[in-house]
Amino acid sequence: MSSTTLSYTQGSSAPEFYSETPIPVAVSHGDGIGPEIMAAVLKILKAAGAPLAFEEIEMGERAYLSGVSSGIPSEAWDAIRKHRILLKGPITTPQGGGYKSLNVTLRKSLGLFANTRACRSYAPYVRTKHPEMDVVIIRENEEDLYAGIEHQQTQEVVQCLKLITRPGCEQIIRYAFEYARSQNRKKLTCLTKDNIMKQTDGLFHRVFDEIAAEYPDIESNHMIIDIGAALIADRPEDFDVVVMPNLYGDIVSDITGQISGSVGLGGSSNIGRECAMFEAIHGSAPDLAGKDVANPSGLLQAAILMLNYLGQFEVAERIQNAWLRTLESGIHTGDIYRPDLSTRKVGTREFAEAVCQNLGQKPRRFQAADYSGFERIEIPAYRRAKEKTKTLDGVDLFVDWRGQDARDLAYKLQLLENATLKLAMITNRGVMVWPKGFEETFCTDHWRCRFSSGEGVRVRPQDIIELLHKAALTEVDVIKTENLYRFDGVRGYSLGQGQ
Ligand code: NAD
């Protein structure tokens, strides 16, 4: 059994390791089942003698409903930023009303770029179809579609911006390789959809290949996310460590959490250069709230990850071993209780008491936790590459137009042409509809109209301004523009489908 510890620190402002005095930690109890499972976890931490001093903070549903739109009051921010470590119960984001996800805000504001979820099976004591699985999902945590930049552009079309950056890719992919190495893992798989998104996912894949060359001791491969996710769901035991952009990681890590036996079993760490946050994989489970039935194991696993991050390996091991002993003795909460496998069905509190009673014991069937080989993960600061030569090829004008025949729009747009920029193509939802196209292609009111120069003709910003000026005068409704660049001669934009 491989351990699931990890840590990351860099610079003088990172938390102190091997501290003798209690380490201050901000604690948010959360919503729904949060307060019950947090009480259970704090009881176990206390009983195990974890040298931690907790500052309780209030954030989540109550803060949202009292008018704090982020869900995080300023006193909570102060405590988190002061202690730089947060143990967090799950939060309920109220439906509707434009509430921003508190988790996304925390991850992005604190620069928690790496989300790690270790999902392993505890067969035969916890039923799963995948008794051999032991997979770690490392998810980029700040970028991708979670930039939250969305716009309604026309009556019929809304847009969400997918942002992938080279610094973001380098840091998460390097982190994943370092994680694999530090945990004595053998293989790192990268999942993207770069057959479709050649610029964004293409960059993630390219950076993966570049960095993989620096880690010849780790086997590396890339898969397209759709078949990759299907294989993880079907044969998770074939995977070891998997790294992917934010959205795919969000989905795939829930799948792996669920198929390991229960979503209630897994913990996750969110690691940044300055701060770290630890939480269960699951949400606030309002259906179970207040019933003393929820499994506190996911949050306990998060607390164990936190102890390891803080260098408290011995106490982390003690708790993990007591927890494994409890699981294998068949004392189970309702989510994993099976009459043929379990000896006793218990509630949240009773489960915590059983773990406390097992402190000091080692598991008899599972391999005992051993965090002695623990290594800290250090990521070098990002170094900007040499500046490339950037040249302008033209511009995409996005136009709101409620007509149907692209030839009519092309006629209007050709009147905007100048000495440099000529209408080259019109697409609708990415599919070319002019100068060639099919009658069958369904068109919305959102048209991408590409203007470019002839071969070797240099485009200047003022050529684009001239184009836009004419568009305004002739009432062409331009809703946004995207410049078409080359970097060292390499095209930095996609072609139209059918082009
Ligand atoms: P959920 O994870 O809360 O629940 C999914 C299912 O798993 C439910 O049937 C639930 O009863 C069960 N479950 C979850 N945790 C369990 C546990 N510890 N023990 C036993 N069973 C458990 O997901 P959801 O229902 O989609 O979301 C509920 C709320 O949680 C929503 O408001 C959502 O926004 C929020 N949420 C918060 C976080 C977070 O704070 N990190 C993550 C996911 C969802």
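The crossing of α1 and α9 is right-handed, meaning that the near helix is turned clockwise from the far one by less than a right angle. Here helices are DSSP runs of H or I with at least four residues, numbered from the N terminus. In this predicted model, local features need pLDDT of at least 70 and side-chain atom pairs pLDDT 80 or more, while totals for chains, interfaces and linings use all residues. Numbering starts from 1 along each chain as its sequence is written, and side-chain values use heavy atoms, with hydrogens and water left out.

Helix α1 (residues 34–47) packs on helix α9 (residues 297–309) at about 45°, axes 9 Å apart; axes are lines fitted to C-alpha atoms over the stretch in contact, and angles run from 0 to 180 degrees between N-to-C directions. The pair is therefore oblique, the label for whatever is not under 35 degrees (roughly parallel), over 145 (roughly antiparallel) or 65 to 115 (roughly perpendicular). Contact (heavy atoms within 4.5 Å) involves Ile37, Met38, Val41, Ile44 and Leu45 of α1 and Leu299, Leu300, Ala303 and Leu307 of α9.

Helices α5 (residues 166–182) and α6 (residues 200–212) also cross at roughly 45°, their axes coming within 9 Å. That makes α5 oblique to α6, and this crossing is right-handed.

Then there's the ligand: 20 residues lie around it, with Ile91, Gly283, Ala285, Asp287 and Asn295 coming nearest (near is a heavy atom within 4 Å). Polar contacts (N or O pairs within 3.5 Å) include a ligand oxygen 3.1 Å from a side-chain N or O atom of Asn103. A ligand nitrogen sits 2.9 Å from a polar backbone atom of Asn295.

Key. Helices (H or I, at least four residues) and strands (E, at least two) are DSSP runs, numbered from the N terminus. A polar contact is a pair of N or O atoms within 3.5 Å; within protein, one must be able to donate a hydrogen and the other to accept it, and residues adjacent in sequence count only if both atoms are side-chain atoms.
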